[in-house]
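My notes follow, in the order I looked things up.

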Amino acid sequence: MQDREQQFEQLFRSEYGRMYRAAHILLRDEDEAKDAVHDVFARLWDGTIPLREESQRAFLLTCIRNRCLNILAQRHTAATAQAALTAEAEAPEPTPADEELTQMVERYVEEQLTPQTSRIIRMHYYEEMPYKEVSSRLGISLSAVNKHIVKGLRKLRNQFKDREP
């Protein structure tokens with residue numbers, strides 16, 4: 001066991017600086033860069049990530065790049081959610097005309113679209129289910145969900161294109 005620990009420590013010492021610099025360039029944040037490198041090494045240590053000796057340096061840099069890309073994606077998701085919450089908080093109260101249009105759209109979805117397209121539109125937009133969940137619940141492919149939504153939105157746009165926003 002001591003051998004494994006020594007090899008791991010040697011790998012950590014030899015590659016930490018390079019991995020940290022790569023993470024810092026991508027993340028532009030010292031603490032997040034350090035955390036990213038530590039996450040990769042922790043996953044190596046617990047065996048979550050297998051390490052091949054013949055390509056350690058390239059593999060570790062790929063791991064750190066992927067970890068940083070995940071962090072950036074999480075940042076983007078958090079920023080998008082915050083922006084949506086801010087916009088929702090600042091959104092004006094709906095007017096009677098807005099409510100009337102909403103009712104017309106809902107009625108159109110129920111009465112004019114096929115039952116499957118209507119169901120998918122309601123699940124995605126009213127119940128805020130992601131495509132994947134809609135697909136899973138209905139037992140259809142993601143592309144089928146997408147096709148129904150595209151078809152339904154196209155019909156809605158055509159029906160309500162002349163109305164003022």
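**Entry 1: Phe41.** A reminder to myself before I start: this is a predicted model. I picked Phe41 and set aside its neighbours within four places in sequence; the contacts that remain are Phe8, Leu11, Phe12, Glu15, Tyr16 and Met19.

**Entry 2: the core around it.** Next I asked which residues have the most contacts inside the largest nonpolar core. Phe41 is one of them, together with Met19, Val37, Val40, Leu44 and Ile64, in a core of 20 residues. I then checked which elements give two or more residues to this core, and found helix 1 (2-27), helix 2 and helix 3. Helix 1 supplies the largest share, seven residues.

I also found a second, separate core, with 12 residues, among them Val109, Leu113, Ile120 and Val145.

**Entry 3: helix 2 on helix 3.** I turned to how helix 2 (residues 30-45) meets helix 3 (residues 56-90). Their axes come within 10 Å and cross at roughly 125 degrees. Helix 2 is therefore oblique to helix 3. I noted the hand of this crossing as well: right-handed.

For the contact itself, I listed Glu32, Ala36, Val37, Asp39, Val40 and Leu44 on the helix 2 side. Facing them in helix 3 are Phe59, Leu60, Cys63, Ile64, Arg67, Cys68, Ile71 and Arg75.

**Entry 4: helix 6 on helix 7.** These two helices pack at about 110 degrees, and their axes are 8 Å apart. That angle makes helix 6 roughly perpendicular to helix 7. Helix 6 brings Tyr131, Lys132, Val134 and Ser135 to the contact, while helix 7 brings Leu142, Val145, Asn146 and Ile149. My tally for this contact is five nonpolar, two polar and one charged.

**Entry 5: Ile140.** Last, I looked at the loop between helix 6 (131-138) and helix 7 (142-160), where Ile140 is found. Is Ile140 buried or partly exposed? Its relative accessibility is 22%, so Ile140 counts as partly exposed; buried would need a value under 20%.

Leaving out residues up to four places away in sequence, Ile140 touches Gln116, Ile120, Ser135 and Val145. Two of these I had met already: Ile120 and Val145 are in the second core.

Note on methods. Residues numbered from 1 in each chain as written. Predicted model: local features only at pLDDT ≥ 70, side-chain atom pairs only at ≥ 80, totals over all residues. Heavy atoms only, no water. Axes fitted to C-alpha atoms, helices over the stretch in contact; angles between N-to-C directions. Helix = DSSP H or I, 4+ residues; strand = E, 2+ residues; numbered from the N terminus. Parallel < 35°, antiparallel > 145°, perpendicular 65-115°, else oblique. Left-handed = near helix turned anticlockwise from the far one by under 90°. Contact = heavy atoms within 4.5 Å. Core = buried A, V, L, I, M, F, W, Y, C linked by side-chain atoms within 4.5 Å. Buried < 20%, exposed > 50% of the residue type's maximum accessible area, 1.4 Å probe, protein only. Nonpolar A, V, L, I, M, F, W, Y, C, P; charged D, E, K, R; others polar.
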